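Dear colleague,

I am handing over the structure we spoke about, with the sequence alongside. Please look through it before reading my notes.

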Amino acid sequence: MEDIYSAARDGNVRFVRQWLDNVENDLNQGDDHGFTPLHWACREGQMVIFEMLVARGGRLNAKNHGGDTPLHLASAHGRRDIVQKLLQHKATVNIMNEHGNTPLHYACFWNYEAIALELVGRGAYVSQCNKYDETPMERSKAQLGNIIKEKAKSVGQDLARIPFQEQEEGNFKASLEFLTLKSKNAGIDLEEIHLVEKISETLLGELHKGVWNNIPIVAKKLKIRGLQKRLNLHFCEEYPRLRIFSHPNVLPVVGAVTKSPNLMTISQYMPYGSLFDILHEGTGIVVDHLQSVKFAIDIAKGMVYLHSMDPLIPRLYLTSYHVMMDDDLTARICMADARFSFQDSTKIQKPNWMAPEILNNAPETCDQRAADMWSFAIILWELATREVPFTELSPMEMGMKIALEGLRPPLIPGMSNHLTKLINIAWNPDPAKRPRFDQLLPILQKMQT
């Protein structure tokens with residue numbers, strides 16, 4: 001019977017497309033050996049599958065159980081076109097596997113000259129030692145060793161030996177371990193969860209840090225009023241739509257406690273908190289220009305995916321509070337922050353990020369995609385200034401001024417012309433004239449270079 005791994009390996013485009021359309025499928029989940037679908041596509045040179053997986057957010061630097069990334073496998077199997085694409089998408093060129101081998105070690109060992117030259121041209125170190133004190137030059141045949149040595153000199157590499165040193169690993173394997181739990185029934189018994197501390201409280205619910213099956217989680221306990229039986233019914237119908245595992249820039253609701261009065265959504269714990277925390281709460285994370293653009297690209301990718309859904313996830317408002325940070329500093333839009341139909345949509349605690357039409361009218365009458373673009377403009381301003389918009393005003397004052405007087409944060413001197421233009425078109429007062437996220441994404445990606 002076909003599965004996603006064999007489909008990616010064999011080039012079964014139709015199967016892969018249908019599998020990706022199911023939002024509960026995690027395209028970054030590995031098989032028994034840790035190979036993701038992207039690993040298999042790169043190993044076997046399946047370019048169409050590769051493009052589909054990367055477009056949906058396949059992790060370029062995901063490691064299998066031996067520490068190999070897709071770039072390792074493409075380099076080891078002579079898939080030059082895939083290697084070129086991976087490098088264009090900025091896959092990490094000097095990443096090591098469990099033996100300390102980089103993709104260049106593999107290309108040299110198997111004598112793939114064109115691939116070795118591509119890698120060196122993109123910064124692969126010819127003098128990087130693996131665990132056995134071997135450099136790529138020493139793993140290659142003499143002729144290829146001389147060729148890549150000359151190439152390295154031409155691009156200005158220092159040829160002094162680089163001793164092996166363990167690289168810090170991200171949380172990919174830990175995330176996989178956590179996400180395997182999604183295959184269980186999404187309904188969770190309250191007795192399975194140990195709530196450790198309350199993180200915050202709003203008009204709509206309480207946020208608690210806790211533990212579930214020995215894994216850190218965040219539980220959002222909803223504040224509810226009304227007939228509990230009816231609320232239970234609506235909650236059980238609505239929360240499964242928030243279990244979106246199919247994009248790395250979306251943080252899914254993993255499960256839920258579905259028995260009143262303890263309605264809760266359960267999400268993976270993010271150690272760095274939200275984008276708001278990183279920008280304004282002194283977490284110690286250095287956010288330079290390139291990192292700011294990376295955050296903006298992550299958010300835009302997540303929004304492109306969410307806006308492609310039909311119907312849209314209702315009542316999901318974009319703010320820097322609702323963008324969570326994975327421990328590899330991947331920005332992920334938090335599905336647990338969507339409001340349910342039985343929660344009051346008129347109560348807006350943080351109008352700082354809200355489009356004027358959302359503040360002026362019933363949210364269901366507005367173009368949510370255009371309103372999200374306005375909110376994204378505020379986040380771009382936040383990333384550029386490291387300031388919280390409108391802090392000098394009370395929530396009521398800022399809401400009135402945004403809705404009725406066209407209030408926007410000031411564009412500060414020194415902000416790049418490209419960013420200023422981007423922000424201005426994104427918060428156009430006419431919702432119909434604001435761009436879509438898929439139109440903005442290529443512009444942001446050019447700002448990375």
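This is a predicted model: local features need pLDDT of at least 70, side-chain atom pairs count only at pLDDT 80 or more; totals for chains, interfaces and linings use all residues.

I begin with strand β6, which covers residues 264-268. Five of its five residues are buried, so the strand is largely enclosed by the rest of the structure. Burial here is counted as under 20% relative accessible area, and it holds for both faces of β6, with Met264, Ile266 and Gln268 on one side and Thr265 and Ser267 on the other. As for its neighbours, β6 runs antiparallel to strand β3 (residues 215-222), to which it is joined by five bridges, and it also runs antiparallel to strand β5 (residues 253-257), this time through four bridges. Between β5 and β6 lie six residues, and the two strands form a hairpin.

A further group of strands is an open sheet of three, arranged in the order β4-β8-β7 with mixed pairing. The strands β4 (250-251) and β7 (323-325) stand at the edges and have a single partner strand each, so that one side of each is left without a neighbour in the sheet. Helix α14, which spans residues 289-307, packs on this sheet and touches β4, β7 and β8, and its direction makes about 40 degrees with that of β8. Within the sheet, β7 pairs with strand β8 (residues 331-334) in the antiparallel sense over three bridges, and in this pairing Met325 stands opposite Ala331 of β8.

The last item, which may be of interest for your own calculations, is the second largest pocket, whose space comes to about 930 Å³. It is lined by 40 residues, of which Ser200, Leu207, Tyr321, His322 and Asp337 are the closest to its centre. Sorted by class, the lining comprises 19 nonpolar, eleven polar and ten charged residues. At least two lining residues are supplied by each of β1 (193-201), β2 (205-212), β3, β6 and α13 (275-280).

With best regards

How values were computed:
Residues are numbered from 1 along each chain as its sequence is written. Side-chain values use heavy atoms; hydrogens and water are left out. Two strands pair if DSSP finds at least two bridges between them. Contact means heavy atoms within 4.5 Å. Axes are lines fitted to C-alpha atoms, for helices over the stretch in contact, and angles run from 0 to 180 degrees between N-to-C directions. Buried means under 20% relative accessible area, exposed over 50%, partly exposed in between (1.4 Å probe, protein chains only). On a 1 Å grid over the protein atoms alone, a cavity is a set of points where a 1.4 Å probe fits but cannot get out, and a pocket is an open set with protein on both sides within 12 Å along at least five of seven lines; lining residues have an atom within 4 Å of a point. Grid points are joined across faces, edges and corners, and a volume is the space filled by probe spheres set on the points. Ala, Val, Leu, Ile, Met, Phe, Trp, Tyr, Cys and Pro count as nonpolar, Asp, Glu, Lys and Arg as charged, and the others, Gly among them, as polar.
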